[in-house]
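Subject: The structure I promised you

Hi,

Here is the structure we talked about.

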Amino acid sequence: MQPFQYWLKTEICFGAGSESKTAALVRKHGGRRILVVYGGGSCVRSGLLGRICEQLQAENLTYETFGGVQPNPRLAHAELGVQKALAMDADLILAVGGGSVIDTAKAIAHGKANPGTPLWSFWSGAQPVTRSLPVGVVLTIPAAGSETSDSAVLTNEALQSKRGLSTDFNRPAFAVLDPCLAATLPPYQAACGVTDILMHTLDRYFNPVPGNETSDALAEALLRVVLANGKKVVADPADCHAMSEIMWCGSLSHNGLTGLGGRKDFAVHQLGHALSAKYDVAHGASLSAVWRAWAQFVADQDGYARFARFARNVWGIQEEDDEVAAQAAIARQVQYFRELGVPVSLPELGFGVLDDGALDHLTELCSYGNTRTIGSFRVLTADDMRTIYAAANGADCGRKKHVICSDSRLRHRRQRRGGGSDGQPGTVDPKAGSGAPVKVYSGYPGISRQSFRGPDYS
Ligand code: NZQ
Ligand code: ZN
């Protein structure tokens, strides 16, 4: 093993029924005036939010609620949450939801503890986080791993920028992981979650530092468990056994454990964040849409040996030749994504084939205006990012006929068809334009030329 430093402070309460321990955990971690943060209403409809509020009342804790967090959570909404936390003098922020809600709760915690400091200054790197409030989590979707991670990801709509912030202040004080709470997930959202969990592991597994056998073996075991149970939870999110495995893997995949001693790659995440910033697509879908193109690109750069290990130890592919094994593993992984029902190319995100201008803009967003490289397994320049986006943009997805799509045309299509990060796939709705409900595309205006502030591992 290579040297590492690891601090995982989150108390975890895992298993069916653990939801009932929430208020006691809040009290244990010092919460007396609680801001309860939630999303677009799934936890209201399931009754979870009501049950949590009853528990807080029964513990004689003061609380207020703050809902409306959107997937790919917005900076402006988090700022509203900070105002509410300040007004009630909150001393603990309780997230009831998934990654978007948890990341908003983390942002509110930082903002409440640092009144007067613009929130984005933490995400832009202008200010380090030196204090915050405790955050508690009741997880409703296994996916982002934010319940134990040191990351939080926000979208600044004005800058059309989606960025992660990594700091130990982002580690929640406690996390309630009750797999039964994910039973109401729509299949597409469950599939995006499984994809994200795989990718948090792969984005660490593919790294340039040799000699971390324990981390590699943990990663391979985790990948095998997720592959075995992922399709089960998409088929039936109420399958509590499969969901419990996926939920625990979700936390382990992003709390740092599977990458200890290595150097995170996370290039696929960065390529995906630019896609979500520009097109507001679900996070997991943004990753699967570029993974094949990334994998092929880096495997071809002297990367067959590592992919061959992945082939043998994760996929059980018994090929002696490294290149053949590597190609087989990439094909099997892509096929798995297809079976989950997530996109494996940019056109499958639902916008058709992107034109050159859109690819250039994605490259600019991902490279922070050509001021940074991404990745560690293979370091990718802006030109490399452009090549990968172009490869992912190939019409080779075999599902539907594609048309070239410019930005303005894309916006128009989205206005007509909906689709995005809200749990719905961005695939073509055949009923669109003929009386189907219309969703308004909230594309982010503005440009993005920003200074490099260091690696972003979220
Ligand atoms: O908003 P509600 O109504 O709750 O619905 C949500 C939302 O539409 C729905 N959902 C969640 N639990 C549900 C449910 N629907 C029915 N039943 C349930 N039990 O799922 C939709 C997506 O929720 P979201 O929180 O956005 O999902 P996820 O957990 O995948 O989080 C994605 C966000 O986390 C960031 C992503 O970039 C994205 O912004 N990430 C955060 C990381 C971190 N902090 O460490 C790391 C990740 O790599 C990722 O970047
Ligand atoms: Zn992720």
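Below is what turned up when I went through it.

To start with, keep in mind that this is a predicted model. The protein chain has 16 helices and 10 strands. Of its 458 residues, 55% are buried. If you take the contacts with a separation of 6 or more, 78% of them join residues 24 or more positions apart.

**The ligand**

Zoom in on ligand 1. Which residues come nearest to it? They are Gly-39, Gly-40, Gly-98, Gly-99 and Ser-146, out of 38 residues around the ligand. Sorted by class, the shell holds 22 polar, 13 nonpolar and three charged residues. Both domain 1 (11-182) and domain 2 (188-235 + 263-452) supply at least three residues to the shell.

Next, find helix H10 (residues 267-279) and helix H14 (residues 356-366). Their axes come within 9 Å and cross at roughly 120°, and the crossing is right-handed. On the H10 side the meeting residues are Gln-270, Leu-271, Ala-274, Leu-275, Ala-277 and Lys-278, while H14 brings His-361, Leu-362, Leu-365 and Cys-366. That contact is made up of seven nonpolar residues, two polar ones and one charged one.

Is it buried or exposed? Leu-275 is buried, because 26 other C-beta atoms lie within 10 Å and the cut-off for buried is 20 or more. Leaving out residues up to four places away in sequence, Leu-275 touches Val-281, Ser-286, Ala-289 and Leu-362. Leu-275 and Leu-365 are 90 residues apart in sequence, yet their C-alpha atoms are 8.7 Å apart in space.

**Another helix with buried residues**

Helix H12 (residues 304-313) has these buried residues: Arg-306, Phe-307, Ala-308, Phe-310 and Ala-311. What do they pack against? Their partners are H7, helix H11 (283-299) and helix H13 (322-340).

**An exposed histidine**

His-241 sits in helix H9 (residues 240-254). His-241 counts as exposed because it has 11 C-beta neighbours inside 10 Å, and 12 or fewer is the limit for that label. His-241 and Ala-16 are 225 residues apart in sequence but 9.8 Å apart in space, C-alpha to C-alpha.

Most residues other than glycine have a negative phi. Asn-60 has a positive one, near 60°, and Gln-160 has a positive phi of about 50°. Where are they? Asn-60 lies in the loop between helix H3 (48-58) and strand E3 (62-66), and Gln-160 in the loop between E6 and strand E7 (161-166). Asn-60 is exposed, with 9 other C-beta atoms within 10 Å. Gln-160 is partly exposed, with 19 other C-beta atoms within 10 Å.

Talk soon!

How values were computed. Residues are numbered from 1 along each chain as its sequence is written. Chains are lettered from A and ligands numbered from 1 in the order in which they are written. This is a predicted model: local features need pLDDT of at least 70, side-chain atom pairs count only at pLDDT 80 or more; totals for chains, interfaces and linings use all residues. Axes are lines fitted to C-alpha atoms, for helices over the stretch in contact, and angles run from 0 to 180 degrees between N-to-C directions. Helices (H or I, at least four residues) and strands (E, at least two) are DSSP runs, numbered from the N terminus. A crossing is left-handed if the near helix is turned anticlockwise from the far one by less than a right angle, and right-handed if clockwise. Two residues are in contact if their C-beta atoms, placed from the backbone, lie within 7 Å. Ala, Val, Leu, Ile, Met, Phe, Trp, Tyr, Cys and Pro count as nonpolar, Asp, Glu, Lys and Arg as charged, and the others, Gly among them, as polar. A residue is near a molecule or strand if its C-beta atom, placed from the backbone, lies within 6 Å of it. Domain bounds come from an automatic or database domain assignment.
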